[in-house]
Amino acid sequence: NLELDFIWIKRRDEEHKIVHENPIIYQMPTLNLENKSILLVEDIIETGATVESAIKYLKSVYQNIHITTFCMSGPADISLFEDIEIIYPWKMQINQ
């Protein structure tokens, strides 16, 4: 019986440029996460600021929460790739 919820945090704009020095939380989880073990998923962790903000927020709200971090690439508890070059769609050049 797994439950799914989201925390929406934004630090970059649509072109992936940093627009907020500190990430801003736009949507909080709706589930009660007290006494839960959660998997916090991020696609890629570069600076860690977004994940750190999420962890700080969740631990300030829930006294007893266990958080495991997961990402495709970057410093996390579980990371699929150690070093991977990511080609973001907004950085691709299309030959016409």
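Which side chains meet in a salt bridge at 3.9 Å, N to O? I looked this up first: the side chains of Lys36 and Glu3 do. A salt bridge here is a side-chain nitrogen of Lys or Arg within 4 Å of a carboxyl oxygen of Asp or Glu.

**Entry 1. The model**

I noted that this is a predicted model, in which local features need pLDDT of at least 70 and side-chain atom pairs count only at pLDDT 80 or more, while totals for chains, interfaces and linings use all residues. Residues are numbered from 1 along each chain as its sequence is written, and side-chain values use heavy atoms, with hydrogens and water left out.

**Entry 2. The chain as a whole**

I found 1 helix and 5 strands in the chain. Helices (H or I, at least four residues) and strands (E, at least two) are DSSP runs, numbered from the N terminus. Along the sequence I read the pattern β-β-β-α-β-β. The C-alpha atoms fill a box of roughly 55 × 25 × 25 Å along the principal axes.

I then looked up burial: 24% of the 96 residues count as buried. Buried means under 20% relative accessible area, exposed over 50%, and partly exposed in between (1.4 Å probe, protein chains only). The chain exposes about 7600 Å², of which carbon and sulfur atoms supply 51%. Such areas come from the Shrake-Rupley method with a 1.4 Å probe; for residues, only the protein chains shown count as cover.

For contacts (heavy atoms within 4.5 Å), I recorded that residues 24 or more positions apart account for 54% of those with a separation of 6 or more.

**Entry 3. Salt bridges**

I counted 2 salt bridges. I returned to the pair of Lys36 and Glu3. Lys36 lies in strand 3 and Glu3 in the segment before strand 1, so this pair ties together parts that are 33 residues apart in sequence. Lys36 is partly exposed at 35% relative accessibility, whereas Glu3 is exposed at 54%.

Arg12 forms a salt bridge with Glu46, and their closest N and O atoms are 3.2 Å apart. Arg12 lies in the loop between strand 1 and strand 2, and Glu46 in the loop between strand 3 and helix 1, so the pair ties together parts that are 34 residues apart in sequence. Glu46 counts as partly exposed, at 45% relative accessibility.

**Entry 4. The nonpolar core**

Which residues form the largest nonpolar core? I listed 12 residues: Ile9, Leu33, Ile38, Leu40, Ile45, Val51, Ala54, Leu58, Tyr62, Ile65, Ile67 and Cys71. Strand 3 (36-44), helix 1 (49-61) and strand 4 (65-73) are the elements that give two or more residues to this core. A nonpolar core is a set of buried Ala, Val, Leu, Ile, Met, Phe, Trp, Tyr and Cys residues joined through side-chain atoms within 4.5 Å.

I examined Val51 in particular. Leaving aside neighbours within four places in sequence, Val51 is in contact with Leu40, Glu42, Ile45 and Thr69.

**Entry 5. A surface patch and Phe81**

I located a nonpolar patch on the surface, formed by Met72, Leu80, Phe81 and Ile84, with about 340 Å² of accessible area together. Patches are made of residues with over 30% relative accessible area and no salt bridge: like charges are joined within 9 Å, and nonpolar side chains (Val, Leu, Ile, Met, Phe, Trp, Tyr) within 5 Å.

Phe81 lies in strand 5 (residues 78-81) and is partly exposed, with a relative accessible area of 40%. Beyond four places in sequence, Phe81 is in contact with Met72, Ser73 and Gly74. The C-alpha atoms of Phe81 and Cys71, 10 residues apart along the chain, are separated by 8.6 Å.

**Entry 6. The aromatic pair**

I found 1 aromatic pair in the structure. The rings of Trp8 and Tyr26 have their centres 5.0 Å apart and their planes at 35°, so the pair is tilted. Trp8 is in strand 1 (residues 8-10) and Tyr26 in strand 2 (residues 24-27), 18 residues apart, and the pair links distant parts of the chain. Rings of Phe, Tyr and Trp (its six-membered ring) pair if their centres lie within 6.5 Å; planes under 30 degrees apart count as stacked, over 60 as edge-to-face and the rest as tilted. Trp8 is partly exposed at 47% relative accessibility, and Tyr26 is partly exposed at 41%.

**Entry 7. A positive phi**

Most residues other than glycine have a negative phi. I noted that phi of Asn35 is near 65°, a positive value. Asn35 is found in the loop between strand 2 and strand 3 and counts as exposed, at 55% relative accessibility.
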